[in-house]
Amino acid sequence: MKPQTSSPTSNVTPIKRNSPGVPTSFEVIHSCGHANTHDLSGRSADQRAGYARWLAARQCTDCWRADHQADAASTAEWLAAKRAAEQAAAEDWATQFDMPPLEGPEKILGWGERTRHQLVTRAYTALVTEGTWDEADWAQLEEQVRLLTRAGWWVDQREAEGTDLPELLEAADDRDRPTENPFR
């Protein structure tokens with residue numbers, strides 16, 4: 001008697017056999033309820049049935065795409081709202097602390113402003129609030145921050161620690177500081 005290749009309740013049915021007898025195509029009923037025929041001839045014979053069972057536990061391609069496109073839309077919406085809030089906070093901060101506008105390509109100006117705000121805020125927290133700096137030390141550093149107006153420089157420093165800001169400001173070169181006039 002020949003052994004049964006699949007259980008009677010399985011969502012996988014072999015439909016095409018290769019000669020000597022190992023199925024190459026499987027009718028799979030996916031977890032979403034849709035049935036698809038999958039050609040698994042590209043897989044080795046001993047992996048086909050297991051892969052077909054794995055497919056049965058997953059959504060079909062169309063359902064998977066639909067779910068992920070909906071997720072992508074909601075993620076894009078969330079990201080746009082987050083960026084808008086960050087941009088508003090950066091603009092308010094720049095106005096409050098008399099920071100000059102950044103220069104550079106239009107498409108990275110907002111990113112540079114957000115990054116400058118976030119890095120300087122992290123630096124203040126690390127050096128003054130939690131550290132040993134006083135307001136006079138911070139005022140000197142803040143003046144150095146005002147001199148760096150190239151948006152690309154700020155974007156390049158986006159992952160820096162707040163405690164690294166003094167060293168990063170010293171390492172900046174003349175193309176990052178278009179003017180050294182402290183009176184702007």
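L165 touches L119, V120, A123, L141, V145, W153 and W154, leaving aside residues up to four places away in sequence; contact here means heavy atoms within 4.5 Å. The model is predicted, so local features need pLDDT of at least 70 and side-chain atom pairs count only at pLDDT 80 or more, while totals for chains, interfaces and linings use all residues. Residues are numbered from 1 along each chain as its sequence is written, and side-chain values use heavy atoms, with hydrogens and water left out.

L165 also belongs to the largest nonpolar core, which has 22 residues. Such a core is a set of buried Ala, Val, Leu, Ile, Met, Phe, Trp, Tyr and Cys residues joined through side-chain atoms within 4.5 Å. The members that touch the most others are V120, W138, V145, W153, W154, L165 and L169. At least two residues each come from α2 (61-96), α3, α4, α5 (151-156) and α6 (165-171). Helices are DSSP runs of H or I with at least four residues, strands are runs of E with at least two, and both are numbered from the N terminus. The largest share of the core, seven residues, is supplied by α3. Another core lies apart from this one and has seven residues, including V12, V28, A52 and A56.

Next comes the pairing of α3 with α4. The axes of α3 (residues 106-129) and α4 (residues 135-147) come within 11 Å and cross at roughly 160°. This makes α3 roughly antiparallel to α4, a term for angles over 145 degrees. On the α3 side, R116, V120, A123, Y124, L127 and V128 meet E135, W138, L141 and V145 of α4. By class, this contact has eight nonpolar, no polar and two charged residues. Ala, Val, Leu, Ile, Met, Phe, Trp, Tyr, Cys and Pro count as nonpolar, Asp, Glu, Lys and Arg as charged, and the others, Gly among them, as polar.

Q157 sits in the loop between α5 and α6. Q157 counts as buried because its relative accessibility is 14%; buried means under 20% relative accessible area, exposed over 50% and partly exposed in between (1.4 Å probe, protein chains only). Beyond four places in sequence, Q157 touches T115, L119, R122 and L168.

C32 is in another loop, between β2 (23-29) and β3 (35-39). With 29% relative accessibility, C32 counts as partly exposed. Its contacts, not counting residues up to four places away in sequence, are Q59, C60 and C63. C32 and Q59 are 27 residues apart in sequence and 5.2 Å apart in space, C-alpha to C-alpha.

Notes:
Axes fitted to C-alpha atoms, helices over the stretch in contact; angles between N-to-C directions. Parallel < 35°, antiparallel > 145°, perpendicular 65-115°, else oblique.
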